[in-house]
Amino acid sequence: MLANVVMQTGYSLYQKKALEITGFNEWTAAYYNNILTIPTIIIVLLAVNELPGVMAFDLLGDPAFGCVVLWSGVCGFLISLSIFWAINKTSPATFSVVGSLNKLPMTVLGSYLYDTPFTTLGGISAFVSLAGGVVFSATKFF
C-alpha cells in the first residue's frame, strides 16, 4: 500500500502541476488524456500482432456491440474526468489514500462474489488499510 500511495501521490502532484502550467480544466485534461492513449493502443495492438484477432471478432459489426463499446468509452472518459476533478479539488495525498482505500470494499465484494475464503493475511491487510485510512482522516480532521 505504501508504494501505491507514494506512486499515486507523485502522479497526482505531477498532474496538478501540469494542469496549472497548461491552464487546462478537467474537461480538456480528460480529453487529451484519452486522445493520447489511442497511439499507445495502436502500437501495442500491432506489436503483439492482435489486429487479425480483432478484425476476425464475430460481433465487430453488430450494432448492439457497438453501443456497448461506445458506452464503455463514455464511462472511461467520465472516470478520467472525475479523476482530474478530484486531483484539482483535493490534495494529492487525499486522492491517493482514497484511491487505496477504495480497493478494500472491492476485495470484500470479490471474495463474496467469487466464493473465495477470506484468509487471515487478507483480513490483517484489510484491517491495516482501514486503520491507515482512519489515521489519515483523523490527522486531516484534527
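Q: Which residues count as contacts of Ser12, leaving aside its neighbours within four places in sequence?
A: In this predicted model, Ser12, which lies in helix α1, is in contact with Ile87, Pro92 and Phe95 once the neighbours within four places in sequence are set aside. The word contact is used here for heavy atoms within 4.5 Å.

Q: Why is Ser12 called buried?
A: The relative accessible area of Ser12 is 0%, and buried means under 20%, so Ser12 is counted as buried.

Q: What makes Ser80 buried, and what is in contact with Ser80?
A: Ser80, placed in helix α5 (residues 63-89), has a relative accessible area of 7%, and because the limit for buried is under 20%, Ser80 is buried. Leaving aside neighbours within four places in sequence, its contacts are Ala30, Asn33 and Asn34.

Q: Why is Tyr112 called exposed?
A: Tyr112 belongs to helix α7 (residues 103-113), and its relative accessibility is 66%; exposed means over 50%, so Tyr112 counts as exposed.

Q: How many aromatic pairs does a search of the whole structure find, and why is the pair of Phe24 and Tyr32 called stacked?
A: The search finds 4 aromatic pairs. For Phe24 and Tyr32, the ring centres are 5.3 Å apart and the planes stand at 15°; rings pair if their centres lie within 6.5 Å, and planes under 30 degrees apart count as stacked, so this pair is stacked.

Q: Why are Phe24 and Tyr32 called partly exposed?
A: Phe24 has a relative accessible area of 35% and Tyr32 has one of 39%.

Q: What makes the pair of Phe57 and Phe65 tilted?
A: The ring centres of Phe57 and Phe65 are 5.3 Å apart, with planes at 55°. Under 30 degrees would count as stacked and over 60 as edge-to-face, so the pair is tilted. Phe57, at 41% relative accessible area, is partly exposed, and Phe65, at 24%, is partly exposed.

Q: Which residues do ring pairs link into a cluster?
A: Ring pairs join Phe24, Tyr31 and Tyr32 into a cluster.

Q: What lines the largest pocket, and which element gives the most to its lining?
A: The residues lining the largest pocket include Tyr14, Gln15, Phe24, Tyr32, Asn33 and Phe84. Two or more lining residues come from each of α1 (2-22) and α2 (26-35), and α1 gives the most, with 5 residues. By class the lining has 8 nonpolar, 3 polar and no charged residues, and the pocket holds about 170 Å³ of space.

Q: How do you know where confidence in the protein is lowest and where it is highest?
A: Helix α6 (residues 92-101) has the lowest confidence, at a mean pLDDT of 76, and helix α3 (residues 37-47) the highest, at 92. Over the protein the mean pLDDT is 85, and 99% of residues reach 70 or more.

Definitions and conventions:
Residues are numbered from 1 along each chain as its sequence is written. This is a predicted model: local features need pLDDT of at least 70, side-chain atom pairs count only at pLDDT 80 or more; totals for chains, interfaces and linings use all residues. Side-chain values use heavy atoms; hydrogens and water are left out. pLDDT is the predictor's confidence in each residue, from 0 to 100. Helices (H or I, at least four residues) and strands (E, at least two) are DSSP runs, numbered from the N terminus. On a 1 Å grid over the protein atoms alone, a cavity is a set of points where a 1.4 Å probe fits but cannot get out, and a pocket is an open set with protein on both sides within 12 Å along at least five of seven lines; lining residues have an atom within 4 Å of a point. Grid points are joined across faces, edges and corners, and a volume is the space filled by probe spheres set on the points. Ala, Val, Leu, Ile, Met, Phe, Trp, Tyr, Cys and Pro count as nonpolar, Asp, Glu, Lys and Arg as charged, and the others, Gly among them, as polar. Buried means under 20% relative accessible area, exposed over 50%, partly exposed in between (1.4 Å probe, protein chains only). Rings of Phe, Tyr and Trp (its six-membered ring) pair if their centres lie within 6.5 Å; planes under 30 degrees apart count as stacked, over 60 as edge-to-face and the rest as tilted.
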